[in-house]
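Please read it alongside the sequence and the coordinates.

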Amino acid sequence: MLSKTILSYHGPLSFSTIDWLLSEFKIASQDHNIAFKTYKKMISIMIEALENITKYGDQVRCSKQRVTEFCPSCHIKQNSTIIELITKNPVKKTRVESLRARIDHVNKLSGDELKNLYRSTITNGEFSADGGAGLGLIEIARTAGNKIGYSFRPLSEDYYLYTFRIHFSL
């Protein structure tokens with residue numbers, strides 16, 4: 001199935017860049033006649049995924065003057081049946097296994113189990129060393145209603161390129 005790119009960005013990522021990307025997606029969704037329900041879902045997922053990169057990603061060797069594989073990227077693609085968000089960003093090698101374990105755990109759960117995990121995570125008051133409660137991946141899986149796709153590819157001795165994929169039906 002032929003897919004078209006709705007939005008594409010590769011470069012340094014900050015909260016102001018996220019705001020800009022959300023605005024660009026709003027315009028693109030109107031240009032591509034994306035239904036409001038789909039737009040709302042994608043905005044929610046984009047916010048979670050991009051904030052995760054900003055909070056937890058390792059944006060080393062990335063600047064506006066030197067865009068490399070160490071810079072984050074965000075792409076939204078659509079075909080006749082699905083819309084997909086793909087993000088990429090470097091992560092330290094030491095973070096790969098814990099991130100893989102969290103995604104695998106979320107991917108094993110049913111919709112009801114995700115709902116219960118979300119509730120217990122919100123009420124238990126536990127936060128990670130990075131300050132997060134671990135809700136982002138849970139919320140993304142709940143919103144999309146699909147499993148999170150991911151991969152890790154070595155970039156250097158200390159860093160891996162983390163590719164995150166999530167899609168949902170139109």
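Which residue in E3 is the bridge partner of Ser73? The partner of Ser73 is Lys88. The model is a predicted one, in which local features need pLDDT of at least 70 and side-chain atom pairs count only at pLDDT 80 or more, while totals for chains, interfaces and linings use all residues. Residues are numbered from 1 along each chain as its sequence is written, and side-chain values use heavy atoms, with hydrogens and water left out.

**Overall architecture**

- The protein contains 5 helices and 5 strands, where helices (H or I, at least four residues) and strands (E, at least two) are DSSP runs numbered from the N terminus.
- Read from the N terminus, the order of elements is β-α-α-β-β-α-α-α-β-β.
- The radius of gyration, taken over C-alpha atoms, is 16 Å, close to the 15 Å that the globule rule gives for 170 residues, so the protein is as compact as a globular protein of that length. The globule rule is 2.2 Å times the number of residues to the power 0.38.
- The C-alpha trace spans about 45 × 40 × 30 Å along its principal axes.
- Of the 170 residues, 42% count as buried, meaning under 20% relative accessible area, with exposed being over 50% and partly exposed in between (1.4 Å probe, protein chains only).
- Among contacts (heavy atoms within 4.5 Å) with a separation of 6 or more, 67% are between residues 24 or more positions apart.
- The protein exposes about 9400 Å², of which carbon and sulfur atoms supply 49%; accessible areas come from the Shrake-Rupley method with a 1.4 Å probe, and for residues only the protein chains shown count as cover.

- The 5 strands of an open sheet follow the order E1-E2-E3-E5-E4, with antiparallel pairing; two strands pair if DSSP finds at least two bridges between them.
- Strand E1 (4–10) and strand E4 (149–154) are the edge strands, each with a single partner strand, so one side of each has no neighbour in the sheet.
- From one strand to the next, the twist averages 15 degrees.
- Strand E2 (residues 73–78) and strand E3 (residues 82–92) run antiparallel and are joined by 6 bridges.
- Helix H1 (residues 15–31) lies across E1, E2 and E3 and runs at about 165 degrees to E1. Axes here are lines fitted to C-alpha atoms, for helices over the stretch in contact, and angles run from 0 to 180 degrees between N-to-C directions.

**Cysteines**

- The protein has 1 disulfide, defined as a pair of cysteine sulfur atoms within 2.5 Å.
- This disulfide joins Cys62 to Cys71, with an S to S distance of 2.2 Å, and the link is right-handed, with 115 degrees about the S-S bond.
- Cys62 is buried at 17% relative accessibility, and Cys71 is buried at 1%.
- Cys74 is in no disulfide, and the nearest cysteine sulfur, that of Cys62, is 14 Å away. Cys74 is also buried, at 1% relative accessibility.

- Gln78 lies in strand E2 and is buried, with a relative accessible area of 10%.
- Leaving aside neighbours within four places in sequence, the contacts of Gln78 include Leu2, Ile6, His32, Ile83 and Leu170.
- Ala141 belongs to helix H5 (residues 135–144) and is buried at 4% relative accessibility.
- Not counting residues up to four places away in sequence, Ala141 touches Val106, Leu114, Asn146 and Ile148.
- Ala141 and Tyr39 are 102 residues apart along the chain, and their C-alpha atoms are separated by 16 Å.
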